[in-house]
Amino acid sequence: MENVILVVHLILAICLIGVVLLQRSEGGGLGIGGGGGVMSGRTAATALGKLTWVFAIAFLATSITLTVISAQNSGGSSVLERVGNGPVTPAEEPAAPTLGDGAPLLPPADSDAPLLPPRAD
């Protein structure tokens, strides 16, 4: 159910973006551009404007629905509680890397010796 609502939500988002981009820019945000009438503070409602409202309301409804479903699925448990209930054991230390002939690639950890390439005898 959650996946279906999520797909509908994504389709609504794409449709909302498309409808907004199709509308004519009137520059209302900057106070410039054409208006609906001589003394009218409100422009005529176009089909694209109404469709934008429909998509926006549906988008908000699916957003709220997904939030409610997500809250129900969490069940009040923490992620850390769900990950592992067993004791934490340290991981095994990996073996030191070696060359093909078995010679160690790195000097011992307790040594201050520099890392040198193997001698070619």
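Colleague: Hi! What share of the 121 residues in the protein chain is buried?
Modeller: Buried residues come to 9% of the 121. Keep in mind that this is a predicted model.

Colleague: Thanks. And how many helices and strands does the chain have?
Modeller: There are three helices and zero strands. Read from the N terminus, the order is α-α-α.

Colleague: What about the surface, how much of the accessible area belongs to carbon and sulfur atoms?
Modeller: Those atoms hold 65% of an accessible surface of about 10,400 Å².

Colleague: Let's move to H2. Which of its residues are buried?
Modeller: In H2 the buried ones are Thr52, Phe55, Thr62, Leu66 and Ile69.

Colleague: And what do they pack against?
Modeller: The buried residues of H2 pack against helix H1, residues 2-22.

Colleague: How far apart are the end C-alpha atoms of H2?
Modeller: They are 41 Å apart. Helix H2 has 28 residues, 47-74, so at 1.5 Å a residue it should span 40 Å, and the two values agree.

Colleague: Nice. What happens just after H2?
Modeller: Gly75 sits there, with a positive phi of about 65°.

Colleague: Back to Thr52, then. Why does Thr52 count as buried?
Modeller: Thr52 has a relative accessible area of 16%, and buried means under 20%.

Colleague: Which residues does Thr52 touch?
Modeller: Leaving out residues up to four places away in sequence, Thr52 touches Leu16, Val19, Val20 and Gln23.

Colleague: What joins the side chains of Thr52 and Gln23?
Modeller: Their side chains are joined by a polar contact of 2.4 Å.

Notes. Residues numbered from 1 in each chain as written. Predicted model: local features only at pLDDT ≥ 70, side-chain atom pairs only at ≥ 80, totals over all residues. Heavy atoms only, no water. Helix = DSSP H or I, 4+ residues; strand = E, 2+ residues; numbered from the N terminus. Buried < 20%, exposed > 50% of the residue type's maximum accessible area, 1.4 Å probe, protein only. Areas by Shrake-Rupley, 256 points an atom, 1.4 Å probe, with all protein chains shown as cover. Expected span 1.5 Å × (residues − 1). Contact = heavy atoms within 4.5 Å. Polar contact = N/O pair within 3.5 Å; in protein donor to acceptor, adjacent residues only side chain to side chain.
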